[in-house]
Amino acid sequence: MTPKTDLKNLTLPALEQFLQGQGKERFRALQVFKWIYQQDTHSFDEMTNISKALRTELAETAFISNLEPEAVEQGSDGTRKYLFPLDDGTSVEAVLIPIEGRNTLCISSQVGCAMACEFCLTGTFKLTRNLTTAEIVNQIMAVKRDLVANPPSLLVEQSDFEDDDSDDVQPESPAAIRNIVMMGMGEPLHNLDNVIPAIQIMIDGNGLQLSNRRVTVSTCGLVPEMGRLGREIPNVNLAVSLNATTDELRNRIMPVNRRYPLKELLKACKEFPLPGRRKVTFEYVMLGGINDTPDDAKRLLKLISDIPNKVNLIPFNEHEGCEFKAPTRKAIDAFHKYLIDRHVTVITRDSRGGDISAACGQLKGKLEKQKTA
Ligand code: SAH
């Protein structure tokens, strides 16, 4: 018996093909797709504009998967961390960052990660497996459901994920997700076969209806895959975790650099098809005493100056068993000021969600051990 197809693994064109392969009319695909993404339906029985016979037939060959969080933790700053158990006993996390009533959701693309960056907790768990397309979009759908049930209170703060050229400053419904950032567990470009269809579903006007300018893919620097992403999904935002300004240091803290050194990485950034006034986001984890000096700031500026850029400074979040230290306030401020003074758009990320281990590089896809009283 062939296993049933999870329809959430299929983009709309793929769903059309799937149904056509079963001798069904093409327009049925759009009906089903809308039920899935706009009505959040998990059962064919609810698809009332489809004949009972067809629903029964569909249920024999297909199913619609779902994720439910096993735990939702809310931090003092309103950040929410969701732990999602998966079918095979593994789990992943997603983090919701509500800012000014504009919600940004940080989602995972893999269970664990193979990139082995020295400073990243997720990296210490190695790669268990890729998430499926369904598991990627299901993180978004589950959080949407939670937002409707428990809308966050409005927090007025600057957002690091806003597009610069957004002119609609009205807060949206507290239950709407505005930005998706693929900055959770995993390296999205190491799982492009599933990430690309997931993004297509996110930005499909009949799917999750997100604007492609509000979807950001973050990479440690897989150069050929950056090219493929740009070709297959033009207009998506690119973030690159740069984190070092010399090959010597980057080789040491990010093994990916031994394959794709800075020169190649920056060339790929330059060639990435960004429309209009959009910029590549360079993430820079500041490691105390390692990459946080004025010389680093100077080299950083030089490296990125011929690419439309903005910089996200992320003070290192310390975690057990990791030798690196957070930078001092003074080092952060000096680095930030150096760039601002030279007209670079810089945001220094506060450690959002720090109290619930939801900050950058702290996701491990497991519940914290219960604290004993
Ligand atoms: N693999 C992708 C997506 C993960 S994004 C990428 O590397 O871009 C996660 C971000 O958090 C990356 O910019 C990473 O450099 C940063 N990061 C990892 N560990 C961190 C830590 N302990 N403190 C602060 N930032 C960290």
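The shell around the ligand divides into 11 nonpolar, nine polar and two charged residues (Ala, Val, Leu, Ile, Met, Phe, Trp, Tyr, Cys and Pro count as nonpolar, Asp, Glu, Lys and Arg as charged, and the others, Gly among them, as polar). This is a predicted model, where local features need pLDDT of at least 70 and side-chain atom pairs count only at pLDDT 80 or more, while totals for chains, interfaces and linings use all residues. Residues are numbered from 1 along each chain as its sequence is written, and side-chain values use heavy atoms, with hydrogens and water left out.

**Around the ligand**

- Glu187, Ser218, Ser241, Asn243 and Asn317 come nearest among the 22 residues around the ligand (a heavy atom within 4 Å counts as near).
- Asn243 uses its side chain instead, with an N or O atom 3.0 Å from a ligand oxygen.
- On its own the ligand has 540 Å² of accessible area, and the protein covers 94% of that (Shrake-Rupley method, 1.4 Å probe; for residues, only the protein chains shown count as cover).

**Two domains**

- The chain splits into domain 1 (5–63) and domain 2 (71–372), with bounds from an automatic or database domain assignment.
- Their centres, taken over C-alpha atoms, are 33 Å apart.
- Contact (heavy atoms within 4.5 Å) links 14 residues of domain 1 with 16 of domain 2.

Note on methods. Polar contact = N/O pair within 3.5 Å; in protein donor to acceptor, adjacent residues only side chain to side chain.
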